[in-house]
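Have the structure open beside you and follow along.

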Amino acid sequence: TRSVTITSVDQSMFEKAQGEKVTLPCTFELSEEDEGPLDIEWVLIPADNQKKEQIIIMYAVDRIYNHYYAAMTGRMQFTNLDPRSGDGSLDILNLKAADTGTYQCKVKKAPGVQSKKIQLTVLVKPARTKCSIEGSQEIGKDVTLKCVSQEGSPLLSYDWRRVSGTHDLPATSMLNKNTGELLLKNASREYSGTYNCVASNRVGTDECSVELNVTPPVNTAGIITGAIIGTLLGLIVLCSLIFCCCKKHREKKYEKEVHHDIREDVPPPKSRSSTARSYIGSNRSSLGSMSPSNMEGYTKTPYSQVPSEDFERAPTQTPAFAPSKVAAPNLSRMGAVPVMIPAQSKDGSIV
């Protein structure tokens, strides 16, 4: 008994680059015995056997259903808009690395059922490849040129070539195509130039370049000597600053201590004139309160006992007081007590 037959059996594995388009073939032929409705299903079989198959697109009862698999919504379609013609192939657009897997095409028309599996591998082209130099670029030193692609499906292969000069790699160079490292042993001036790295896999390539400049060794002894001298000079300057700060601090502290040595509890000395005036003023106030009866005892008090420093001056510096010519008023009428005004004689004594 004849039944539906899948005719596209020529290719069962596909390798495509990310972002490209792939057409998974699934052509078939129907027999006269197949009288049931035509159903075409594309199923994604997960690598993990414990997971269930996932329908991604289906044709049934003259309609297309493509909303089962959200990860491919808008990126897949039947190659032929009318699969009844015998072409149930599937187009997947803008491929992604996650699209890698096993796809199965099932064609059903009762009582016949046929299926076909296709392996799809989505590879990522090498991208964002970076070149770098590791080691000292000095004559006689070993230098390593490194090349790494940030993106790209394995297996990645790296190849170095020299762009400038003889275009040949140095004789002492050692290349590791798997890691992308190019070792240049005992570098010389002739090694200087531009080097180019090409990263590749089965779906694409990417490149980067680096400039190598081999120079004579640096005079490390001079650098060390200069660093030591600079350090010593810095220490000298620092010590000088500390010394100046300490000296200034001691001077300020000394001035402060001298200032506080003045005793605040000792009153300032009185002037000579104020002493005599205060004594005479006190005697006058006391005379104003005396009556004529006690005036007699007070008048007998010698003025030579006044503790005034103004009257101890030298004879040459003592000012001459003119005898008082003011007539004494009538004290009995004024009701006041007469006051004795001291006068100075020619020999300087007070009378």
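Start with Cys131 and Cys208, which are joined by a disulfide with an S to S distance of 1.8 Å. A disulfide here is a pair of cysteine sulfur atoms within 2.5 Å. Cys131 sits in strand 12 (residues 127–134) and Cys208 in strand 18 (residues 204–212), so this link ties together parts that are 77 residues apart in sequence. Strands (E, at least two residues) are DSSP runs, numbered from the N terminus. The angle about the S-S bond of Cys131 and Cys208 is 75°, and the link is right-handed. Both Cys131 and Cys208 are buried; that word means under 20% relative accessible area, while exposed means over 50% and partly exposed in between, using a 1.4 Å probe and protein chains only.

A word on what you are looking at: this is a predicted model, in which local features need pLDDT of at least 70 and side-chain atom pairs count only at pLDDT 80 or more, while totals for chains, interfaces and linings use all residues. Residues are numbered from 1 along each chain as its sequence is written, and side-chain values use heavy atoms, with hydrogens and water left out.

How many disulfides does the structure hold? There are three. Let's visit another one: Cys147 and Cys197, whose sulfur atoms are 2.1 Å apart. Cys147 belongs to strand 13 (residues 143–151) and Cys197 to strand 17 (residues 193–201), so the pair connects parts that are 50 residues apart in sequence. With -90° about the S-S bond, the link of Cys147 and Cys197 is left-handed. Are these two cysteines buried or exposed? Cys147 counts as buried because its relative accessibility is 1%, and Cys197 is buried too, at 0%.

Now find Cys26 and Cys105, joined by a disulfide with 1.9 Å from S to S. Cys26 lies in the loop between strand 3 (22–24) and strand 4 (28–29), whereas Cys105 is in strand 10 (residues 101–109), so the bond ties together parts that are 79 residues apart in sequence. The torsion about the S-S bond of Cys26 and Cys105 is about -70°, which means this disulfide is left-handed. Cys26 and Cys105 are both buried.

Finally, step back to the pattern. If you number the bonded cysteines in sequence order, the pairing reads 1-2, 3-6, 4-5. Cys246 is in no disulfide; the nearest cysteine sulfur, that of Cys245, is 6.9 Å away. Cys246 has a relative accessible area of 36%, so this residue is partly exposed.

How values were computed: Helices (H or I, at least four residues) and strands (E, at least two) are DSSP runs, numbered from the N terminus.
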